[in-house]
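Reader: Here is a model I would like to learn to read. Please take me through a sheet and some salt bridges.

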Amino acid sequence: MKQKPTLGMKRVLVLLVVLAVTISLSFAQGAKESEKVEAGPVSMTIATWTSNADQIALLGSFVQNFAKEKGITIEANFESIPFAEYNTKLPLELQGSDGPDVFWVLETAAPAYIQSGLLAKLNESMEAYDPADFSSEAMALWTKNGDVYAIPFSTSPFFMLYNADLFAKAGAKNPDQLIAEGNWTWDAFRTVSKQIKDNTGVWGYQTVDGQGYDARILHNLSPIVRSFGGDFWTEDGKILVNTPETVKAVQFFHDMVYVDQSVVPPGNQSDFFAGNAAMTVGQISRVSKLDAASFAWGLAPMPAGAKGNAPVIGQAAIGASARSKNAKLASELVAYMTNKASVTAMSGIWPPARKSVLDSEAFLSSNAKVTPQQMKLAVADSIKTGRVLPSHVKYPQIEVESKMSFDKLWKSDADVQSIMDEVAAVYAKYIK
């Protein structure tokens, strides 16, 4: 009997159509850059997925410093789009006449944005700010045929944040103690997560931002999958999401959720930052959420698997809209916001892509809440050996459609292999 589409499935299908139309329109319309700057105060809209007041204020200071150097007035409007909606809402806004002038771009969607024609070229604007200071690896996602379309401001590895008080209460060794023993592995992670849940009643682990079953599926699974020797897909189009290594890693996490019952499950709002879980995945930009923490905490690199350490890096860039009526000024602003001075000021929040800043002692001491040793082990060293999440020109469609299959994982009796086969079939439609 044919399954009747659910309301959720219908919404997903509608969204797929919207995404396809959006990208098609982008190709058809192309860039509409303008060299003319508005007379009087210039209004600039800057889209991000952060709503942190301190971070917005820092970005705003760059805008005003840039305006001062240019001898103009810029009225900056920061639009904070929730992360879960970012890759679907922003492309639609950019099609309109009042879309953002400057915006953040996620690594997973980089190829799609570049191919769409929505990003202005930045080569000329970068010339004044030592473009050679960016490594070729850091720029790889954001460059095509020698042209730069966005500039990374954050090359930030994921690491483990932990509640030291809960570990002590449970009588469990914390990540730093396990590192000292040479035993910080996914197996040890699973053991202490269950020990904490059994001994304290508090969850051992919360997925990244609590969104590991939804908007951050790849962020959640990639560190485990890659350290087990698996992956999702490769740059040359090989699909690995249903290989034995990947399936074993996904089964490992699934068992933590439904067999051990040590992980905050889907639909449960328990939050690490409120003391309701012993560990979570974070980045330097998340450390500020611990300002008011009522518990002692620490951070450590991600655990190792059968294939050793496999750090996952979240990379984000700033781009300028090719359709902005002030596209040239927006491009210059992007270059200014990623110059050495700006990157240095941001480095305690968003680890830099500029070599001169990343290799500096100042970077290791750039966040007062993180020790230089922690910054080196969990951030700087991981940047050098880690890889970004997989990306593809069709990623918006891949993300939306594959989620319909991933959603089936979150049941206690889920057949992980068959579900991963379903995901592989979705990938095969787009990744060639």
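Author: We take the sheet and then the salt bridges. This is a predicted model, where local features need pLDDT of at least 70, side-chain atom pairs count only at pLDDT 80 or more, and totals for chains, interfaces and linings use all residues. Residues are numbered from 1 along each chain as its sequence is written, and side-chain values use heavy atoms, with hydrogens and water left out.

Reader: In what order do the strands of the open sheet stand?

Author: Strands (E, at least two residues) and helices (H or I, at least four) are DSSP runs, numbered from the N terminus. Two strands pair if DSSP finds at least two bridges between them. Here the order is β8-β7-β9, with antiparallel pairing. β8 (279–282) and β9 (297–300) are the edges; each has a single partner strand, so one side of each lacks a neighbour in the sheet. From one strand to the next, the twist averages 30 degrees.

Reader: Over how many bridges does β7 pair with β9, and with β8?

Author: Strand β7 (residues 159–163) pairs with β9 over four bridges. β7 and β8 also pair over four bridges.

Reader: Which way do the residues of β8 point, and are they buried or exposed?

Author: Buried means under 20% relative accessible area, exposed over 50%, partly exposed in between (1.4 Å probe, protein chains only). M279 and V281 point one way, T280 and G282 the other, and all are buried.

Reader: Which helix lies across β7 and β9?

Author: Axes are lines fitted to C-alpha atoms, for helices over the stretch in contact (heavy atoms within 4.5 Å). Angles run from 0 to 180 degrees between N-to-C directions. Helix α16 (residues 372–385) lies across both strands, at about 45 degrees to β9.

Reader: How many salt bridges are there?

Author: A salt bridge needs a side-chain nitrogen of Lys or Arg within 4 Å of a carboxyl oxygen of Asp or Glu. The count comes to 18. One of them joins K70 and E332 (2.8 Å, N to O). K70 is in helix α2 (residues 53–70) and E332 in helix α12 (residues 327–337), 262 residues apart. K70 is partly exposed, at 41%, whereas E332 is buried, at 17%.

Reader: Where do K194 and D198 lie?

Author: In helix α9 (residues 186–200), four residues apart, separated by about one helical turn.
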